[in-house]
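My entries follow the structure shown here.

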Amino acid sequence: MKQYQIEGNKLILKVKKSPLFIRIIFFTVAILFFIMPLAGMLMYISLGNGFHIGFLMGVFFFGIMGFYILRMALWNTYGKETITFNKDQIKYIADYGWFKDGSTSVKTPDSIDYSIRNIGYEDEHKGALIIGGGRKTDFLCN
């Protein structure tokens, strides 16, 4: 699997998929974090007890945790970063497969150069991104 691609002024970095067993565990735990608080609340109410404000706090807390774990599962399955190099800015987007993070852009000086130094075998598509201008900085793209 290619870990990076260059399409014009875009650099696309792909995440190496984690093992299937780990991804199944992530998705299962994420689903449980969404379902269990609701099931517990419905069971408590169906036994004749009243609604409690703590249920909303529990659903909110477990919903946030479930979203975070779902995001990790999606990243380990479909994760992709797109870096677009324009003349005056660098734009970054993280793609989780089902949704994308908000894009981030950084203004750049006029005299900036970009290149990739291959690491390992050519068919592995692994390399170091070299961003240069007044000084050289290496970022490892794995």
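Predicted model: local features only at pLDDT ≥ 70, side-chain atom pairs only at ≥ 80, totals over all residues.

Entry on the loop residue. I looked up D88 and found it in the loop between β3 and β4, the latter being residues 89-95. D88 has a relative accessibility of 43%, and therefore I recorded it as partly exposed. Leaving aside neighbours within four places in sequence, I found D88 in contact with V106, K107 and T108. For D88 and V106 I noted a separation of 18 residues in sequence, and of 8.5 Å in space from C-alpha to C-alpha.

Entry on the helix pair. I then turned to α1, residues 20-46, and α2, residues 53-78, whose axes come within 7 Å and cross at roughly 165°. Angles over 145 degrees count as roughly antiparallel, and α1 and α2 are therefore roughly antiparallel to each other. I wrote down the crossing of α1 past α2 as left-handed. Sorted by class, the residues in the contact of α1 with α2 are 21 nonpolar, five polar and one charged.

Entry on the cores. The largest nonpolar core has eight residues in all, which I listed as Y4, L11, L13, I83, F85, I90, L129 and I131. Two or more residues of this core come from each of β2 (10-14), β3 (80-85) and β7 (126-132). I also found a second, separate core of six residues, among them L70, L74, A94 and Y96.

Methods
Residues numbered from 1 in each chain as written. Heavy atoms only, no water. Axes fitted to C-alpha atoms, helices over the stretch in contact; angles between N-to-C directions. Helix = DSSP H or I, 4+ residues; strand = E, 2+ residues; numbered from the N terminus. Parallel < 35°, antiparallel > 145°, perpendicular 65-115°, else oblique. Left-handed = near helix turned anticlockwise from the far one by under 90°. Nonpolar A, V, L, I, M, F, W, Y, C, P; charged D, E, K, R; others polar. Core = buried A, V, L, I, M, F, W, Y, C linked by side-chain atoms within 4.5 Å. Buried < 20%, exposed > 50% of the residue type's maximum accessible area, 1.4 Å probe, protein only. Contact = heavy atoms within 4.5 Å.
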